[in-house]
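Hello! Here is the structure I promised to pass on to you. Have a look at it first, and then read my notes below.

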Amino acid sequence: MDFWNAFASLFSNFGNLTWQMVVMWGIGALLIYLAIAKKMEPSLLLPMGFGAILVNLPLSGAITQGDTVGPISALFEAGMSNELFPLLLFIGIGAMIDFGPLLEKPWLMLFGAAAQFGIFFTLFLAGFFFDLKDAASIAVIGAADGPTAIFVANVLHSQYLGAIMVAAYSYMALVPIVQPPVIKLLTTQKERRIRMPYQKGSVSQLTKILFPIVVTIIAGFVAPASVALVGFLMFGNLLRECGVLNTLSETAQNILANLITIVLGLTVAGQMTADKFVRPDTLLILALGLVAFVFDTAGGVLFAKLVNLFLPEGKKLNPMIGAAGISAFPMSGRVVNKLGLEEDNQNFLLMYSISVNVSGQIASVIAGGLLLTLLS
Amino acid sequence: MLHLTSWMTTLPIMVIGMVSIVLVIGVIVLAVMLLNKLTSRK
């Protein structure tokens with residue numbers, strides 16, 4: 001009898017399974033599929049997908065159950081609740097970015113600013129459905145920048161971190177699908193065919209070194225709440241540009257970024273438990289995330305069209321470059337270049353679109369910081 | 001539940017936020033132009 005009881009107890013956990021957990025397994029499997037088969041942000045979607053399955057097993061020991069602390073919950077406490085992981089990742093990202101082409105034509109940064117419109121418009125829209133802090137956290141999906149979204153959602157103590165992360169990284173991967181229809185809707189074929197010959201300028205090494213310091217100081221004055229976010233990004237870039245810390249720069253770009261990415265995905269998955277994720281709010285958040293990306297794109301394109309009103313014939317900009325102002329780097333820049341080539345096989349926009357794309361990295365971080373400052 | 005009056009809070013944030021980001025980026029653009037001017041080789 002004891003034997004059978006002991007044997008049956010091995011399977012008693014099946015009774016704790018809920019249909020919501022099974023739904024989460026499906027979502028986890030979908031994320032893994034998208035990561036492997038479609039190569040959509042695999043470095044994050046794969047750990048998130050696996051983690052979603054791991055934490056949604058009944059009484060999973062990966063997350064805290066009662067008094068027993070689970071490792072993923074411990075990781076969350078150690079690196080997410082204090083925003084440490086996204087900030088460390090930002091050092092790596094900063095070290096990866098070459099701001100050189102952007103510094104040659106700094107006016108392109110204005111498109112990065114315009115393309116943050118989706119964030120603020122989504123805040124306006126999400127405010128009808130969520131309280132202000134959750135609405136702001138959801139709006140930052142439009143930053144098209146995972147670490148910024150995590151940082152802002154964490155600082156604002158949003159209860160929707162898991163859904164926000166899934167939306168942010170999924171839409172970043174879906175940029176080639178989301179942006180082209182919006183760009184085509186807002187531009188004429190004639191506008192999409194506008195050529196922008198690229199003339200290489202020159203930027204001194206001193207400018208490249210001073211740039212991250214200046215940006216940190218300016219952003220710090222306006223949005224002190226987010227100075228860590230801008231500061232860590234710019235610190236990474238200073239490592240890259242200073243010229244005397246190449247090994248540290250390479251470590252930040254590769255080893256540090258990879259290590260953080262591994263634990264970040266799993267840690268975010270810790271927030272994807274069925275009770276937090278399988279609810280109507282999640283669908284609404286996914287829809288609002290799409291709105292954010294669409295209006296980011298629209299903001300950049302329409303700003304370029306506005307600028308064109310004041311430019312003489314022959315000097316007009318291809319308004320598509322405005323769409324690259326979102327932070328999804330380098331996908332957005334490449335999408336714009338591809339669209340230009342589709343209209344005219346000699347219309348190379350890559351240098352402009354990538355520069356605007358890089359400016360989106362800075363602008364999205366500052367936009368996140370401004371939101372935090374405005375809400376504090 | 002719909003928060004129908006939320007626009008009274010979010011609309012000003014939207015306007016101030018967009019104006020602020022354009023201003024901040026504008027200042028950075030000016031700073032970079034200045035840096036380029038000061039550090040360029042004659």
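Let's start with helix α3 of chain A, residues 42–55: its 14 residues reach 19 Å from the first C-alpha to the last, close to the 20 Å expected at 1.5 Å a residue (the expected span is 1.5 Å times one less than the number of residues). Helices here are DSSP runs of H or I with at least four residues, numbered from the N terminus.

This is a predicted model, in which local features need pLDDT of at least 70 and side-chain atom pairs count only at pLDDT 80 or more, while totals for chains, interfaces and linings use all residues. Residues are numbered from 1 along each chain as its sequence is written, and chains are lettered from A in the order in which they are written.

Is α3(A) mostly covered or mostly uncovered? It is mostly covered, with 10 of its 14 residues buried (20 or more other C-beta atoms within 10 Å of a residue's own, C-beta atoms being placed from the backbone). Among them are Leu44(A), Met48(A) and Ile53(A). The cover includes α2, α4, α10, α11 and α16 of chain A.

Next, α5 (residues 84–96) and α10 (residues 146–155) of chain A pack at about 155°, with axes 9 Å apart. Axes are lines fitted to C-alpha atoms over the stretch in contact, and angles run from 0 to 180 degrees between N-to-C directions. The two helices are therefore roughly antiparallel (over 145 degrees). Pro86(A), Leu89(A) and Phe90(A) of α5(A) make the contact with Pro147(A), Ile150(A) and Phe151(A) of α10(A) (C-beta atoms, placed from the backbone, within 7 Å).

Finally, 28 residues of chain B are in contact with 35 residues of chain A.

Enjoy exploring!

Terms used:
Angles under 35 degrees count as roughly parallel, over 145 as roughly antiparallel, 65 to 115 as roughly perpendicular and the rest as oblique. Two residues are in contact if their C-beta atoms, placed from the backbone, lie within 7 Å. A residue is buried if 20 or more other C-beta atoms lie within 10 Å of its own, exposed if 12 or fewer, and partly exposed in between; C-beta atoms are placed from the backbone.
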